[in-house]
Amino acid sequence: MASQTDVSPITNALAQRFTATRRLSLDLVATLSDADVSAQSMPDASPAKWHLAHTTWFFETFVLRDHMPGYRLFDDRYAYLFNSYYETEGPRHARPQRGLLTRPSLDDIRIWRAHVDIAVQTALPDLPPAALTLVELGIQHEQQHQELLLTDIKHLFAQNPLGPAVWQNEIASEVAQFSAMKWIEGNAGIAAVGHGGDGFAFDCEGPRHDSLLAPHALASRPVSNGEWQQFIADGGYHTPSLWLSDGWAWVQAEGIDAPAYWDGDRHFTLSGWQAIDPAAPVTHISFFEADAFASWAGARLPTEFEWEAAAAGLDPAAGQQLDAAGPVQPAATDDDADLQQMFGSVWEWTGSAYRPYPGFRAAPGAVGEYNGKFMSGQFVLRGGSCATPRGHLRASYRNFFYPHQRWQFTGVRLAKDL
Ligand SMILES: [Fe+2]
């Protein structure tokens with residue numbers, strides 16, 4: 001084994017980020033009971049305990065089992081329980097039944113996490129580059145699950161008539177009034193898009209390639225709650241001509257008449273029921289709702305490459321993002337940049353289908369199942385949210401959800417043709 005003095009600064013930095021990421025996941029459940037972290041509110045959402053376990057399975061499987069000679073699995077049965085969707089890794093417990101796993105307990109999972117944490121830290125100095133890449137992937141993966149953990153626990157608590165709060169703190173905006181929305185002209189012509197440089201990116205962000213942008217403009221900020229209230233008051237949810245056919249069918253079938261978690265002038269947050277702030281970005285809207293709002297506003301959704309070209313010069317670590325455990329909810333800011341809240345606050349629906357870029361190849365083996373196999377029927381969202389761990393985002397970052405899904409912190413920025 002290498003001594004500490006032999007460890008490269010890069011490995012040390014990785015070890016520190018590993019430790020900080022693992023700690024934040026536990027911080028996020030610090031106020032929750034074993035019952036809170038075991039229940040599942042819908043098939044799309046997972047129990048918080050499952051997130052804590054699955055992210056641990058990822059490190060134990062792809063780093064320790066595959067790259068640490070002699071490592072013995074903590075519990076042979078856990079792979080069946082906590083493999084999410086990796087066919088290469090064999091059969092697994094059905095996703096809609098994750099909430100039935102009252103055992104192992106939260107304490108059992110904490111002990112497993114500690115065991116794996118020590119094993120990874122011990123192995124790190126001697127890991128080959130390919131395994132260090134998997135540690136990095138495991139950190140990025142856990143950050144994605146931290147955001148899911150927050151949105152899933154919010155969805156769970158919203159089902160409880162008592163309206164429990166994960167954190168009691170009030171969520172305040174910096175300003176009471178939203179700024180007037182302006183149109184910011186984007187660069188037209190050929191734009192290089194996708195990840196091409198050094199540093200981590202998910203496979204679906206590349207290869208870097210050229211895209212042709214038509215003359216267009218982007219809204220200076222996301223659509224606000226106040227503007228959404230105008231859409232509702234104007235009968236937006238009852239006007240079929242504004243909606244895509246699939247969207248109108250969804251509104252009818254589900255009885256949708258407002259963003260998720262809204263009830264009159266209040267909405268449910270991680271701090272329980274709160275007054276809706278008209279100045280804050282609207283959130284928990286589906287692609288269908290975003291598209292209908294854009295039609296009502298005489299605009300359209302941006303393409304993912306219009307968004308990426310505009311974001312290319314901006315700081316992806318800026319804005320309202322997750323720094324520590326605590327209530328998160330998109331808030332208004334007094335930022336006076338041309339393009340405000342591009343990163344953080346709310347994921348912005350684009351009109352772009354989640355499909356591979358020219359030349360995309362999924363990686364061999366299990367990690368090749370990470371993104372590529374989901375490129376069917378989903379739309380791209382850009383920019384991250386208030387629940388995205390700071391440091392996780394890039395201009396090329398592509399999130400993706402089905403058009404009816406809205407339990408994530410999803411919002412919309414308008415675009416228009418020029
Ligand atoms: Fe996962």
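## The iron site

Along the chain, the donors of the iron ion are spaced H-x86-H-x3-H. Donors here are N, O and S atoms within 2.8 Å of the metal (3.2 Å for Na, K and Ca), and water is not among the atoms, so sites may look incomplete. Who holds the iron? His54, His141 and His145 do, each through NE2, at 2.2 Å. Since His54 sits in helix H3 and His141 in helix H6, the pair ties together parts that are 87 residues apart in sequence. Helices are DSSP runs of H or I with at least four residues, strands are E runs of at least two, and both are numbered from the N terminus. His54 and His141 are both buried (under 20% relative accessible area with a 1.4 Å probe, protein chains only).

## What the model is

This is a predicted model, where local features need pLDDT of at least 70 and side-chain atom pairs pLDDT 80 or more, while totals for chains, interfaces and linings use all residues. Residues are numbered from 1 along each chain, and side-chain values use heavy atoms, without hydrogens or water.

## The largest pocket

A pocket is an open set of points on a 1 Å grid over the protein atoms alone, where a 1.4 Å probe fits, with protein on both sides within 12 Å along at least five of seven lines; lining residues have an atom within 4 Å of a point. The largest one holds about 790 Å³ of space, a volume being the space filled by probe spheres set on the points. Of its 33 lining residues, Tyr85, Arg95, Leu148, Phe400 and Phe401 are the closest to the centre. H6 gives the most to this lining, with 6 residues.

Notes
Buried means under 20% relative accessible area, exposed over 50%, partly exposed in between (1.4 Å probe, protein chains only).
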